[in-house]
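Take a look at the model below. The paragraphs after it walk through it chain by chain.

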Amino acid sequence: MDDIKVDLELDLKGLLCPLPMVRVSQNISKVPVGGVIRATATDPGSLADIPSWARSTGNEIIKQEQEGSNLIYYIKRIK
Amino acid sequence: MTPEANARAELLQLIDSKMNRTLKYYLDTCVRCAICKDACHQYVATGDVLYLPAYRAELIRRIYKKYMTGSGRLLPKLFEGRDPEDDVLLDELYKTTYACTSCRRCMFWCPFSIDTSWVLAVAKALLLATGRGSEILTQLADSAIDKGKNIDLYTGVIREVLKGSEEEMRRIVQDPSAGFVYDKQGADVLYVALAGTHTILPAAIVFHQAGEDWTLSSFEGSNYGYFLGDTVKAKAIAQRIVDEAKTLGVKEIVMSECGHAHRVMRDFYRMWAKEELPAPMVSILSKVDGYIKDGRIKVTPGKITEPVTYHDPCQIGRNFGLFEEPRNVVRATCSDFRDMTPNRQKQWCCGGGGGLVAETEFDDVRLKSGRLKADQIKATGAKILVTPCENCRLQIESLNDHYDLGVRVSAVLDLVVEAIEIKPR
């Protein structure tokens, strides 16, 4: 899991709901199917918003971690 | 019937099912006086007829006239009759409908009080039925419903992350036992915040100081199903809070500083669900105004010395009726309060409502139409802009950058926390 190839970095720090999820949604088409976005947010609301968005749109969170106040999501485009 | 004729019949049936007496009155009564041209911030700022309220409704009226009135059936060309599956009409309808912030300023100007936002609810139903609903609003609504179905997956991790904010709360209120309250059976207040901690921490501090018996909802108040115009999804999103209130047996549902959430819970839920709320819905603004008046919390008068102005969110002011309560609270905290002109019922929409802050395809009209609000803010000379609505705050932050306003954008409770006199417990 540590060698995930990241296709696009998104800095979502400081953005409040619903903007972290909106930015992920806007950018998912910029990576190829099978590609990965690494999104770094600080809004705790993203802890539910981004995984719920992934599930309801058929994409996948392949890794999620926290570094201090940074909430980091690895989002794989499935379709 | 051919498949095309069947599809048209279904769309007409859908429109007809939405056409109650009031809506027919709206569509029959408009005399195209165009008084509404001076009311809509989008039309005033752009001059584009697409944003003229009468024209927004006109697109639906053309279908209605052609298929649902005798005169229109006889002389469809006279009424510019259109078909509900007409791609050109639907493209135009999409742009004008999802760009509308539903601020209802046009209704207050209209001599017949025609509620264009209600007509656009029919437009949204038609757009959804033809596969033309807003994609991002659909995703936001679907993810909120998914969250409701899988809330157990999230509560643990969210509450863990919120511990940092609880630590901050304990430091501010000087009470090592203070913290956020979860799942409290029989609490007086179910507080419905927004996603994230910024609407939780200030309220928790105020509740602690007021000695309120409260518990925090697991769900956010915002409802993108409502903006989308999908009443099934909107109801499902609101239902999460209603079910939680029933399970906990709370006495009041207190809504945080979010405009449309106020209206969804007080005005729309009962229409969609055909049942009353299990407990009265009260605005956090009314609660805090009451706490100050009753002496349950004390704020230092004039603590905030920089000039402060207040923006009436359309869904809290004009459409919900809360004008004085938030002003009472803001005035209690600052020494230099400056109201904008116009204000209250006649205030200009900031341009960010209706889900527009999430719909980047409308960024151009959102920023252009925000110029009126930006000019109002500048004219006050205020350094702090207060408004109790998340969409308004996001929009005004955007205007702050775009029009170089140089204001600090704040929620009402943020000012209260700045001015509150802490009583150690």
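Helices (H or I, at least four residues) and strands (E, at least two) are DSSP runs, numbered from the N terminus. This is a predicted model, in which local features need pLDDT of at least 70, side-chain atom pairs count only at pLDDT 80 or more, and totals for chains, interfaces and linings use all residues. Residues are numbered from 1 along each chain as its sequence is written, while chains are lettered from A and ligands numbered from 1 in the order in which they are written.

Start with chain A. It has two helices and four strands. Along the sequence they follow the pattern β-α-β-α-β-β. The radius of gyration of chain A, taken over C-alpha atoms, is 11 Å.

A residue is buried if 20 or more other C-beta atoms lie within 10 Å of its own, exposed if 12 or fewer, and partly exposed in between; C-beta atoms are placed from the backbone. By that count, 44% of the 79 residues of chain A are buried. Two residues are in contact if their C-beta atoms, placed from the backbone, lie within 7 Å. Take the contacts in chain A between residues at least 6 apart in sequence: 63% of them join residues at least 24 apart.

Now pick out Thr57(A). It sits in helix H2 of chain A. Thr57(A) is buried, because 20 other C-beta atoms lie within 10 Å. Thr40(A) is 17 residues away along the chain, and the two C-alpha atoms are separated by 20 Å.

Next, find where the chains meet. The contact takes 18 residues from chain A and 20 residues from chain B. Helix H1 (19-27) and helix H2 (46-57) of chain A each supply at least two residues of the side that touches chain B. H2(A) gives the most to that side, with eight residues. The side of chain A that touches chain B divides into nine nonpolar, six polar and three charged residues. Here Ala, Val, Leu, Ile, Met, Phe, Trp, Tyr, Cys and Pro count as nonpolar, Asp, Glu, Lys and Arg as charged, and the others, Gly among them, as polar.

Move on to chain B. It is divided into domain 1 (3-132), domain 2 (136-292) and domain 3 (298-419), with bounds from an automatic or database domain assignment. The C-alpha centres of domain 1 and domain 2 of chain B lie 34 Å apart.

Look at helix H4 (residues 53-68) of chain B. A kink of about 35° is centred on Leu59(B); the bend at a residue is the angle between axes fitted to the seven residues ending there and the seven starting there. Of the 16 residues of H4(B), 14 are buried, so this helix is largely enclosed by the rest of the structure.

H4 is also one of the helices of chain B against which the buried residues of H8(B) pack. Those buried residues include Val119(B), Leu120(B) and Lys124(B). Just after H8(B), Gly131(B) takes a positive phi of about 70°.

Finish at Asp142(B), in helix H9 (residues 135-149) of chain B. Asp142(B) counts as buried, with 22 C-beta neighbours inside 10 Å. Ala236(B) is 94 residues from Asp142(B) in sequence, yet their C-alpha atoms are 9.8 Å apart.

Note on methods:
Rg over C-alpha atoms; globule rule 2.2 N^0.38 Å.
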